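Please look over the sequence and the model shown here before reading the notes that follow.

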Amino acid sequence: MKFKAFLTENGVNLLEKRFLPALDKMGKICHLYLTRDHTMFLHNLLSGNEVQSIAQFRKEALFDDYRISSQNEDRIAFAVDISLLHRAIRSSVSICTEFGNGPTQNRLQIKLVKKLPPNCTQPMPFLTFETKGYKSAVIQDVPISKPLSRAEVLELQTALDMAQDLPQTLVQIQDLNQLQNFVDRMKHVGDLLNVSISKYGDLYVQISTTLITLGAEFQKLLVIGEQVDAPAEDRHLSAQTRSARAILRGDAQSVQVSVKHFAKSLQCHLAKPDCAFYGIAPQGACLTVIFQFFIPGSHQTDKSISLHCRLPVLDPGSS
């Protein structure tokens, strides 16, 4: 089982400045899954009651001189502590910056190794970062779990395949800050959030307690997938009534999620997406948030990177 590659400048920026800070908010430990063509960071794919997050990069987005081999179709997966990974990249970058000018321009190599740690009798696996300076090399070892077995990799791949299913209707939120501000206020009111999404392009979020009901509606959003025109007779009704009628007609779905989970998924704004799409899976199985990234300086989707979250629902199919 071998893995060795060089992080590109773009790869370092994507991980250090954007994705690792966002993924760290999703959870301390994640699976790093390497294949011939992709590098993936997967949170909670094998457990159903936490926010699942899937960050996927084509190898060219992060690395050059990418080499991988394993007896499991060149697939390698292991668990890693995101904060340790982030710290290793950050300090490697500072060493590169300090010593890597001119003809000795530094490259940051990453590879999978087995080493015998102090006071241990068994070699342990590490993800090692090596920075070659002008006169010396600096090596940083990030401890990882024992690589997953063939059966475990298959289980992870199956969960990943299932997590790629898209909702039939997705609505686009361009201003995530607005949604974030609302959820920050809601966190102090209660624990449960009702989320309704209609084929008309409406997203309605509401929190209720015995004393107070707070809601926010985002209307006329861009719809991808199944969409229909909103009935004219609903125009002057309250957001709550419009949402209830749309659900009765089968033009909308509603799920209940944890406010804490919803707030956590919004931390993905640290990865600097250009916009986000919200959708509810068939039968209200989960709430899906897909973050979209544009190629810098354009409005074209950057297909080399993707990030999405799936929030578990507390009461499937309820309205």
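Two strands are said to pair if DSSP finds at least two bridges between them, and helices (H or I, at least four residues) and strands (E, at least two) are DSSP runs, numbered from the N terminus. The model is predicted, and local features need pLDDT of at least 70, side-chain atom pairs count only at pLDDT 80 or more, and totals for chains, interfaces and linings use all residues. Residues are numbered from 1 along each chain as its sequence is written, and side-chain values use heavy atoms, with hydrogens and water left out.

**Strand S2 and its partners**
- In S6, Phe 78 stands opposite Leu 32, and S2 and S6 run antiparallel, joined by 6 bridges.
- Leu 32 also stands opposite Phe 41 in S3, where S2 and S3 pair in the antiparallel sense over 4 bridges and are joined by a hairpin through 3 residues.
- Of the 6 residues of S2, 5 are buried, that is, under 20% relative accessible area, whereas exposed means over 50% and partly exposed lies in between (1.4 Å probe, protein chains only).

**Helix H4**
- Helix H4, residues 150–163, has 14 residues and reaches 20 Å from its first C-alpha to its last, close to the 20 Å expected at 1.5 Å a residue, where the expected span is 1.5 Å times one less than the number of residues.
- Buried in H4 are Val 153, Leu 156, Gln 157, Ala 159, Leu 160 and Ala 163.
- Arg 150, Ala 151 and Met 162 are exposed on the face of H4 turned away from its buried side.

**What covers H4**
- The cover over the buried residues of H4 includes strands S2 (29–34), S3 (38–43), S4 (52–58), S6 (76–81) and S18 (305–312), with contact meaning heavy atoms within 4.5 Å.
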